[in-house]
Amino acid sequence: MRLTFFGASRGVTGSCFFVETKKTRALVDCGMFQGSQFNEARNHDAFPVDPKSIDIIFVTHAHIDHNGRIPKLIHDGFGGKVYGTKGTIELMQLVWADAEKVMSYDHKKFRAPMLFHEEDLMIGATRCRGVDYGERVDFSKGRAGKPLDIRVTFHDAGHVLGASFIALEAENKRLIFSGDIGNDNVPILRDTEPIGESVDVLLIESTYGDRQHESTTERQKIIRDAVANALTRGGTLMIPAFSIERTQELLYEFNELIEHKHALPRVPIFLDSPLAISAMQVYRRHPEYYDREAKHLRDAGDDFFQFPGLTVTRTRDESKTINNVKGPKIIIAGSGMMNGGRIVHHALRYLRDPKSTLLIIGYCAEGTLGRRLYEGAERVKILGEEVPVRARVKAIGALSAHGDQDKLVRWAATAKGAPKKIYTIHGEPHAASALAHRLQEKFGDKTQVCVPEEGQVVEI
């Protein structure tokens, strides 16, 4: 068996891993590279292998950096099936459609090239197959259109709705692909499932492999204090949020703090993300992914995505009306890294206001506007305009969708025995190396831990 790293090696986007066996050529994830632009030029490069030669694709979860190049593969001739959990498949198709709309707008306005087209999404919809957690799918019986010599099982990663880590078995070897591993004790979703079996090769994400989050038991206090301090300043609180999971969890927390605990003042709150609004409907359709507390609220008739003061702005015209609301207000808008989406327009307007606050609650990759602001930039360029940063910028790690270093090490240790090999992926070089050192200390000589290079090929 051969494993090739086609993305997310010493970087946090573009996850893509190529597995070759005697009978099968499979991808685990095929995500977009994200950085200074929404549709980064690197995504347009020819794929390293002929898409027509790929038999099947497995998707860990619905974030675009894990699946955004799949429609391009379809456009370029990939003819196989795409497997993920049922929740992932539904959310992923929303993500693809949203990306196509953004690219179409940029193409018409700036002549930016299209990565894929609407017809590719229509074909993709016919290729997707949803499975359940714990369902062992055996492709040796021809389910993929021809007999393949692999078996896969999707396990709950606790990251976003339907997110999985994938166990792939072939040629008497078991590979575990972590996808993104969720933070501890997050709202709505269950905690990450343990590995619980022996592992020959573990590919583990390292987004926060070099740091620890604030205690999750303090989550609501952190939100309450950050929001209260921002509103006391009298300006606008901007929260760039990933449309899938961060936004839904934030609404869950606001619902608890405003409607049940009365711990926050009643101010206008705007959800200004068409993708997040559509994703909420998928969340409502899939309570089987909820944890005990969220199921209890749902069964009691509490819609935790709706509470006093919340206004949903789906259209551009509705979004523009936010500017007419004076005084303290909260705007939750995508994208989370501020590399596109409506948050960019709000940042252009309010970053120059010393009364306003930008609250960063997720990871921002190098080259993104969010990363520059996180690192303390005093001036930034937004939509071609130089903007002085006078607003307060604050970041909170406890609200991240990713587990921190301690969580990742604990999860790796849930394997039965020490994994024979571990590759730290989906992290910037320092984070991937820091996690690799921790894992090597944890498992000792029983395990070989490596930080792979992009394009590296390993024999298993």
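In what order do the 7 strands of the open sheet stand? In this predicted model, the order is β7-β8-β9-β10-β11-β20-β21. The pairing within the sheet is mixed. Two strands stand at its edges: β7 (136–138) and β21 (448–450). Each of these has a single partner strand, so one side of each lacks a neighbour in the sheet. On average, neighbouring strands are turned by 15 degrees against each other, direction ignored.

Helix α12 (residues 405–412) packs on it and touches β9 (164–170), β10 (173–177) and β11 (201–205). The direction of α12 makes about 160 degrees with that of β11. Helix α13 (residues 429–443) lies across β11, β20 (421–425) and β21. Relative to β20, α13 runs at about 160 degrees.

Strand β12 was examined separately. Is this strand, residues 236–240, enclosed or open? It is largely enclosed by the rest of the structure, because 5 of its 5 residues are buried. In a regular strand, side chains alternate between the two faces of the sheet. Both faces of β12 are covered. T236, M238 and P240 are buried on one side. L237 and I239 are buried on the other.

β12 pairs with strand β15 (residues 329–333) and with strand β16 (residues 357–360). Strands of a sheet pair through backbone hydrogen bonds, either parallel or antiparallel. With β15, the sense is parallel and the pairing extends over 5 bridges. There, I239 has I332 as its bridge partner. With β16, the sense is again parallel, over 2 bridges. Here L237 stands opposite T357.

The cysteines were also considered. A disulfide is a covalent bond between the sulfur atoms of two cysteines. How many disulfides does the structure hold? The count is 0. C16 is in no disulfide, and the nearest cysteine sulfur, that of C30, is 4.0 Å away. A disulfide would require the two sulfur atoms to be within 2.5 Å. C16 counts as buried, because its relative accessibility is 0%. For C450, the closest cysteine sulfur is that of C16. The separation is 20 Å, so the two sulfurs are too far apart for a bond.

Technical notes
Residues numbered from 1 in each chain as written. Predicted model: local features only at pLDDT ≥ 70, side-chain atom pairs only at ≥ 80, totals over all residues. Heavy atoms only, no water. Buried < 20%, exposed > 50% of the residue type's maximum accessible area, 1.4 Å probe, protein only. Helix = DSSP H or I, 4+ residues; strand = E, 2+ residues; numbered from the N terminus. Pairing = 2+ DSSP bridges. Axes fitted to C-alpha atoms, helices over the stretch in contact; angles between N-to-C directions. Contact = heavy atoms within 4.5 Å.
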